[in-house]
Amino acid sequence: RRRPVGIVIINPVSAAALFLCLAGMWSVSISRRHRVRRNIIQKIEELTEEEDTCVFKLSDVTDFKWDQVVYFEYPDSPEDISRIAGINYKGSTDVMEGYIFIYRGRVVREDVVGGAPGYADKAYLGFKGSGLTVLSEEDAFLEGWKEREGLYLIKPTRRPYEYGNPAGQGG
């Protein structure tokens with residue numbers, strides 16, 4: 001007796017196990033996708049226990065290699081990102097904002113969320129700047145602060161004195 005092609009019969013226990021496995025993979029994917037954002041928020045919490053604002057290097061909260069980061073927000077397009085970063089970006093930017101990390105001309109990590117605050121976490125990380133922004137790893141210093149409960153803000157800033165003064169940069 002032949003079964004119709006395309007129909008898979010699975011017992012309830014196997015179905016439940018498959019569902020849990022897929023849900024776990026999705027959860028890990030979401031968790032990894034927003035790890036940078038959460039790490040930034042944790043760094044702001046840590047460094048502003050006694051101060052209102054803090055300055056830190058973005059590479060201090062990442063655990064992967066990158067040489068430039070692009071911040072974008074709606075209505076920036078993949079073409080805008082490609083042009084400003086010098087890459088061929090094919091990701092989605094529709095009603096989103098986020099960070100695209102690039103290493104040697106290739107996207108290595110994206111931390112992208114929907115435009116509504118609180119989408120990725122119970123805390124929202126806002127970027128105060130001029131919209132589409134590219135920073136090199138060497139120059140990716142951020143000033144951060146907690147605006148109010150659940151709202152954290154960052155903006156690019158100059159290299160702090162304690163990180164040294166690279167050749168050719170005024171003090």
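**Close-up views of the predicted model**

**View A. Ser82 is in contact with Ile87, Asn88 and Tyr89, its neighbours within four places in sequence being left aside.** Contact means heavy atoms within 4.5 Å. The model is predicted, so local features need pLDDT of at least 70 and side-chain atom pairs count only at pLDDT 80 or more, whereas totals for chains, interfaces and linings use all residues. Residues are numbered from 1 along each chain as its sequence is written, and side-chain values use heavy atoms, with hydrogens and water left out. Ser82 belongs to helix α3, residues 78-85; helices (H or I, at least four residues) and strands (E, at least two) are DSSP runs numbered from the N terminus. Ser82 counts as buried because its relative accessible area is 14%; buried is under 20%, exposed over 50% and partly exposed in between, with a 1.4 Å probe and protein chains only. From C-alpha to C-alpha, Ser82 and Val70 are 9.9 Å apart in space, and twelve residues separate them in sequence.

**View B. The largest nonpolar core of the model has 21 residues.** Such a core is a set of buried Ala, Val, Leu, Ile, Met, Phe, Trp, Tyr and Cys residues joined through side-chain atoms within 4.5 Å. The residues with the most contacts inside the core are Ile40, Ile44, Leu58, Tyr99, Phe101, Leu125 and Ile154. Two or more residues each come from α2 (35-47), β1 (53-57), β2, β3 (96-103), β5 (124-127) and β8 (151-157). Helix α2 contributes the most, with four residues. Another core, of ten residues, lies apart from this one and includes Val70, Ala85, Ile100 and Val112.

**View C. Ile154 is shown with its contacts beyond four places in sequence.** These contacts are with Ile40, Ile44, Tyr99, Leu125, Gly126, Phe127, Lys128, Leu142, Glu143 and Gly144. Ile154 is also one of the residues lining the largest cavity.

**View D. The largest cavity holds about 60 Å³ of space.** A cavity is a set of points on a 1 Å grid over the protein atoms alone where a 1.4 Å probe fits but cannot get out, and lining residues have an atom within 4 Å of a point. Grid points are joined across faces, edges and corners, and the volume is the space filled by probe spheres set on the points. The search of the whole structure finds two cavities of 30 Å³ or more. The lining of the largest cavity consists of Ile40, Leu58, Val69, Val70, Tyr71, Tyr99, Phe127, Thr133, Leu135, Leu142 and Ile154. By class, ten lining residues are nonpolar, one is polar and none is charged.

**View E. The peptide bond from Tyr74 to Pro75 is cis.** Its omega is near 15 degrees. Pro75 sits in the loop that runs between β2 and α3.

**View F. Arg104 has a positive phi of about 50 degrees, although this residue is not a glycine.** The loop between β3 and β4 (106-114) contains Arg104. With a relative accessible area of 67%, Arg104 is exposed.

Notes
1 Å grid on protein atoms, 1.4 Å probe; cavity = no way out; pocket = protein on both sides within 12 Å on 5 of 7 lines; lining within 4 Å. Nonpolar A, V, L, I, M, F, W, Y, C, P; charged D, E, K, R; others polar.
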